[in-house]
Amino acid sequence: APVVYSLPATYDLSEDTTAETLLHTINVTDPQGTTVTCSLGTSGVPFLVKYISGTTRYGIYSQSLPNFNYNSINSYPLSIICTDGTDSTTKTFTVYLIKNSPPVIVNLANSTSIPTSYTSGTNVFTVITTDPENDQLSYSMTCNPSPCIFVIYASGLIQLNTSLTGQTIAGYDLSITVTDGKNTFGPKILTVTITGINNNPVINNLPLGAPLSVAENTALGSTVYTVSVTDLDPDVHTWTMTSSPGTGMSYFTLNSGTGVITTSSTNAINYETLATSSFTFTITVSDGTATDTENLMISISNVNEVPTFNQPSYSISYNESTAGTALPNPSFGVSDPDSSDIKTYTLNCGSSPGFTMNSVTGVVSLSIDYDVDPGVLATTVICTVKVTDSGGLTATASLTININNINDNNPTFTASSYSFFTTYDVAVGTTIGTVTATDADLGIYGSITYTLDQTSLGNDYFQISSLGVITTKASLSTFGSGVTATIKAKVTDGGGRSSSATVYIVTGETTTTSSTTTPEYKSIFKDNRNIAWVVLSAITGAAIIGYLFWLGFSIYRTGWPKLNWSKSCAESNPFKNLCGDEDDVVSVYEDEDNDVKSVTSERTNEDNASRYDRSEPEPTNRSIRTVRPHPPPIESQGWRRF
């Protein structure tokens, strides 16, 4: 059998090996001198046994691109078989992998600065890396912020890939990673600061989460918002603003130096006149090189505004009248910017009663019968009118109510007639008597004037004073004794209303004693002018006396005159049992006590006009009140007196 002299053996192989590598030369002989052939007895491994080029010896090789991975398999025991065609010998060859050592970046983390004058392709930094195996290295890199304006090569060189002219970003953090194919190192940070760059201003309090609400009628020039900015550079900032719609610029102003937004100093905000209540303002801040822009929405809110009377006081006048009477409309002029508000009117007249107001129209009506004549109710009342809008805001004005005293009462005498006695020979100017009249009206309408109507006398014998005192104006000698003069007294008030009373003035004679003269009234028989009517009166009186004597005698004999009633048998009555047929008439005869004395039935039709008596027995002893209602109700039941 072949003899292998060099095996068993071992070999340490780097896991980074990628090329086909001779690991061992097999030293083998055959005692018979037979040719020996060697081969790999282990399958599935990245190794092979073959002739060493240019020799007759066999070698153990690692395959090309074996993809060793120490972490997975770190040793390979290989079976090597050598044979002379008849006999064979097997030996072991063990390969131990050496773990790869990672590369190490030795100059990161680090920082560097570059000016804005650098252009594309300018070297920025070189990353230095060591690797024990001197493996081929490769780099990867990310930038914050992105996009990245740098590139890194396999040598570790970092260059700009764009010009920095106009650059606004002040710096970048470069995260750099290196790998040797087996192990990775990093990332490590390289901070690149760009000097001489302008930092952009940034508006830091816009946009808002909701529109900014500004109430109408906000005072002119009031601050409503201040826009603020963040800038890493100590730059001077300038603010500008536009509006959509453009009318918003009429109501708001932006201070270009401070960013303060205020209401206009000249135009008040009136919600009711705005075409739109929402505005979008575009606000821009500039540091001279860079700008930032944000939007601010402003919403105008409606505010309940106070109603106002167009004048401080109003007045109305009307005549005294009855409850419920509407007085003239005061026509209150009330202005309210909130045109949709409902206005409510109330009236306060203090302790003065009698007035109520329509809460919608403001019209005043009398709540009581308003009569100023008793002197209790005032003719002029000053009230306060209050108007209240839908939001509860109020305004007041004065209302003067004048109630005119009208002539609504007639003057009246205290009696409908007056009788006075005098003698026909009294002196002119003598007081006959006094009539009295009153008028419930006040003022001029309550003043009264008396006059006398003496037309029936044919001459003015009497006169009346303003106090109603009647005196003689002319001699009464023509009257004589026993004469009654009838005249009319008339009272008239200041408004022309009047009434009258009858005045009887009776004249008599005078009798004279030693110290006193008194009127003597003549008997009727002493006046020849009265003889005729005295005779007539005597005859009439005698006739009356005779009738009364006869009536008394009759009552003495027969009692009081009978009261007679009748009713048709066709009608309902309590004596229908006496009726022959419906053409009959029942007659009832009563005495002075309304007791029924007799009830008869009579035939009244033309074919038999004779009278017959179906009398109820005399002692009925039934009062008429038990038979039928006592008259006059009997008449309402169809009975007729005859």
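Modeller: Start with Ser 331, which sits in the loop between strand E29 (313-319) and strand E30 (334-335). Strands here are DSSP runs of E, at least two residues, and helices are runs of H or I, at least four residues, numbered from the N terminus. This is a predicted model: local features need pLDDT of at least 70, side-chain atom pairs count only at pLDDT 80 or more, and totals for chains, interfaces and linings use all residues. Residues are numbered from 1 along each chain as its sequence is written, and side-chain values use heavy atoms, with hydrogens and water left out.

Biologist: What is the phi of Ser 331?

Modeller: Ser 331 is not a glycine, yet its phi is positive. Ser 331 counts as exposed at 53% relative accessibility; buried means under 20% relative accessible area, exposed over 50%, partly exposed in between (1.4 Å probe, protein chains only). The phi is about 50°.

Biologist: Asn 134 also has a positive phi. Is Asn 134 buried or exposed?

Modeller: Asn 134 lies in the loop between strand E13 (129-130) and strand E14 (138-144). Its phi is near 55°. With a relative accessible area of 68%, Asn 134 is exposed.

Biologist: Which residue does a cis peptide bond join to Pro 187?

Modeller: Pro 187 lies in strand E18 (residues 184-195). Omega of the cis bond is about 5°. The partner is Gly 186.

Biologist: In E25, what is the bridge partner of Thr 226?

Modeller: The open sheet of 3 strands has the order E21-E25-E24, with antiparallel pairing. Two strands pair if DSSP finds at least two bridges between them. E21 and strand E25 (residues 260-263) are joined by 3 bridges. The partner of Thr 226 is Val 260.

Biologist: Which side chain meets Lys 50 in a salt bridge?

Modeller: A salt bridge is a side-chain nitrogen of Lys or Arg within 4 Å of a carboxyl oxygen of Asp or Glu. By this rule the count is 1. Lys 50 is partly exposed, at 32% relative accessibility. Its partner, at 2.9 Å from N to O, is Glu 20.

Biologist: Why does that pair tie together parts that are apart in sequence?

Modeller: Lys 50 lies in strand E6 (residues 47-51). Glu 20 is in the loop between strand E2 (9-14) and strand E3 (21-26), so the parts tied together are apart in sequence by 30 residues.
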